[in-house]
Amino acid sequence: MHSPVAFKFTNSLLIATLFLGLSPIGCKKKQVPQDTASGSAQTTSVGPIKIGEVGSMTGSEATFGTSTHNGIDLAIRQINAAGGVHGRMLELISLDDQGKPEEAATAVTKLITQNGVTAILGEVASSRSLAMAPIAQTHKVPMITPSSTNPKVTEQGDFIFRVCFIDPFQGTVMAKFALETLKIKKVAILRDIKNDYSVGLANYFAETFKKGGGEIVMDQSYGAGDIDFKSQLTSIRTKTPEAIFVPGYYTEVGLIARQARELGIKAPLMGGDGWDSPKLAEIGGKAIEGSYFSNHYSSEDQSPEIQTFIGKFKEAYGVVPDGLSAMGYDAARVLADAMTRAPSLDPQAIRDAIAATKDFAGVTGKITIDSNRNAVKAAVVLKVVGTQYKYQTTIQP
Amino acid sequence: MIELIQHLVNGLSLGAIYALIALGYTMVFGVLQLINFAHGDVYMLGAFIGLYVSRHFALGDHPSLGNLIGVLVCAMIGCAIVGFLIERMAYRPLRKSSRINVLITAVGVSLFLEFSGQLLFGSDPKFFPQIYKPEGDWTLGALVINPLQVMVLGISLTLMALLQFVIFKTRLGRAMRAVSFNHDLASLMGIPTDRVISYTFMLGSALAGAAGVLVGLTYPKIEPLMGVMPGLKAFVAAVLGGVGNVVGAVVGAITLGLAEEFLVGYWSPNYRDALAFAILILILLFKPTGLFGAKRTEKV
């Protein structure tokens, strides 16, 4: 044991172990690409109004960022084509956060201090919006998140808004849907423990479901990035639930569905708006069919505003917009509407105007900002059929 | 009871995949005393080579065992080439440098592959086509065994047996063992050590490539950073078994797979990744040579 070789051996392993700890840090520092502005410092009264956007354009949840970006981009182009705001064009500066909270914080700091943006749009994921919100609040720059549903996001300060519903409501929606439409009483939960959104949604679901007479037969968890869920699912299987509530992101849900079916679990899965991506059906394949999730809007809605939006979006990007594109579109338009109503482009004036938004006709429903700076609006439940997400029902707040 | 057996089956198939990756670590360590951190990323490249080959020939449309074997061979050859290039370009120029330089280079190669992968393939997860889809599950009461899991286990074991054959029954294997035993002496005996080291890298990388395809098939979501965690865990498995020991790597990997499965199934999934590193620390503290690692004394 104490031969020199054993020592060397141990040493090199210890050094190796040290590197294990260091290497992730090495990965994190990477240049933020896609900077479309030159970086002039101050907002001036002439020239375009700069709007900052932070999103996950790359990374494992890349479809969240790109979908939202396309929605925002379309809205801004339409607003500019109609003459802009106060006679000035809007200029969108988009930064990529690679799906990492620390990058989101860096990006928002850069947008505010270097690019001098008037307002911020973003992020999709609650964990990243939570990293951005305190910074926007400190600099008193209004921030609207299109689709972060965790309640804590807007609690960060009075400059932080959202145009979507919040998780207590989204959790309630699925609990009600399970009890009233599916008429089931035994549900198991499989939550992503590393994700604020998922944990919150699971808690609110469990609360409402139990209040309505249902039973949570098992509450299991996983971590984002895992690929093997068989042990959790094997445990869940012993309790024979009638459905499994998986409020995670599409990246893992597809694999969870596959492995559930491989273990012979026939119960449908249920989830939230984190499922909303074309990748869900691609990765999940047949296994995800017949599962349900709550979302902000359905592209099957025949109302003229929605169909016009879908038409324009398809013309520009060649795909049917998902819920996140619709939310991005609405967020940008709510901001532009508030800036038009505001007497000046002073951040405080814009903030007050956003707070006063009432019955704004968005494609995701009528948006009214309440006293907690959240939007009050209905949710839809969609069912996965083939690669399509079919409208099931609308649940009012 | 059924639950226990199901966990056992799941853990075994997870362990078999760790084993394929761990073998590469252990073989390279055996001949070079180098922890090749880029190994997990070679495994990622194997999965992507498999993906592009399957896509190119649209193999997902007609799943068959022949497809799987074809894709496996392509990925193994591709990864062997990558392994050869890594050794040739990154490690061989440093053969005479101190060990820490080579180790740092290994971390550099690993980051290089991860981020070039993101640039090349895009960082969003890709769907791995179902190139082999055995029909029906084998059920025994509530026990469900997916034939795919059995096939993965079977292919892994076959490859390990082949490796064992190469190491103990061929001239190349004898040369590898000689280099691993004493590099300088082997060189003096006329063994072309550089070439043997190249072959070792190619063999290890080919196994990692096979693991990449098998993982893509069972967990059909692949991304450029998929190699990081399994790579580290396979490294732990190799240390657990005793780095440099082939049987040890397999035993270590299967132990780790089973331990993870039972930890998650019966206790809490939060510690899944922590478990591997807790094992690493314990092994380094109490038995740094691992379960099967031979105590080697250096004679001057």
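**Ground rules.** For helices I take DSSP runs of H or I with at least four residues, for strands runs of E with at least two, numbered from the N terminus. On that basis I find twelve helices and 14 strands in chain A. I keep in mind that this is a predicted model, where local features need pLDDT of at least 70 and side-chain atom pairs count only at pLDDT 80 or more, while totals for chains, interfaces and linings use all residues. Residues are numbered from 1 along each chain as its sequence is written, and chains are lettered from A and ligands numbered from 1 in the order in which they are written.

**Chain A overall.** I call a residue buried if 20 or more other C-beta atoms lie within 10 Å of its own, exposed if 12 or fewer, and partly exposed in between, with C-beta atoms placed from the backbone. Of the 397 residues of chain A, 55% come out as buried. A contact means that two C-beta atoms, placed from the backbone, lie within 7 Å. Among the contacts in chain A with a separation of 6 or more, 67% link residues 24 or more positions apart.

**Domains.** The bounds come from an automatic or database domain assignment. Chain A splits into domain 1 (49-164 + 303-377) and domain 2 (168-295). I get 28 Å between their centres, taken over C-alpha atoms. Each of the two domains of chain A puts 14 residues into the contact. On the domain 1 side, helix H4 (126-138) and helix H11 (323-341) of chain A each supply at least two residues, and H4(A) gives the largest share, three residues.

Strands pair if DSSP finds at least two bridges between them. I traced five strands of chain A in the order S2-S1-S3-S4-S5, with parallel pairing. Strand S2 (90-96) and strand S5 (160-162) of chain A stand at the edges with a single partner strand each, so one side of each has no neighbour in the sheet. Axes here are lines fitted to C-alpha atoms, for helices over the stretch in contact, and angles run from 0 to 180 degrees between N-to-C directions. Neighbouring strands in this sheet are turned by 25° against each other on average, direction ignored. Helix H2 (residues 62-81) of chain A packs on the sheet and touches strand S1 (49-55), S2 and S3 of chain A.

**A hairpin.** Strand S13 (residues 379-385) and strand S14 (residues 388-395) of chain A pair in the antiparallel sense over seven bridges. Val384(A) has Tyr389(A) as its bridge partner. Two residues sit between the strands, and Gly386(A) in the turn has a positive phi of about 60°.

**Two helices in chain B.** How do H5(B) and H8(B) cross? The axes of helix H5 (residues 147-169) and helix H8 (residues 193-218) of chain B come within 10 Å and cross at roughly 175°. That makes H5(B) roughly antiparallel to H8(B); angles over 145 degrees count as such, under 35 as roughly parallel, 65 to 115 as roughly perpendicular and the rest as oblique.

I noted a cis peptide bond between Gly122(A) and Glu123(A), with omega of about -10°. Glu123(A) lies in the loop between S3 and H4 of chain A. Thr240(A) is not a glycine, yet has a positive phi of about 40°. Thr240(A) is partly exposed, with 13 other C-beta atoms within 10 Å.
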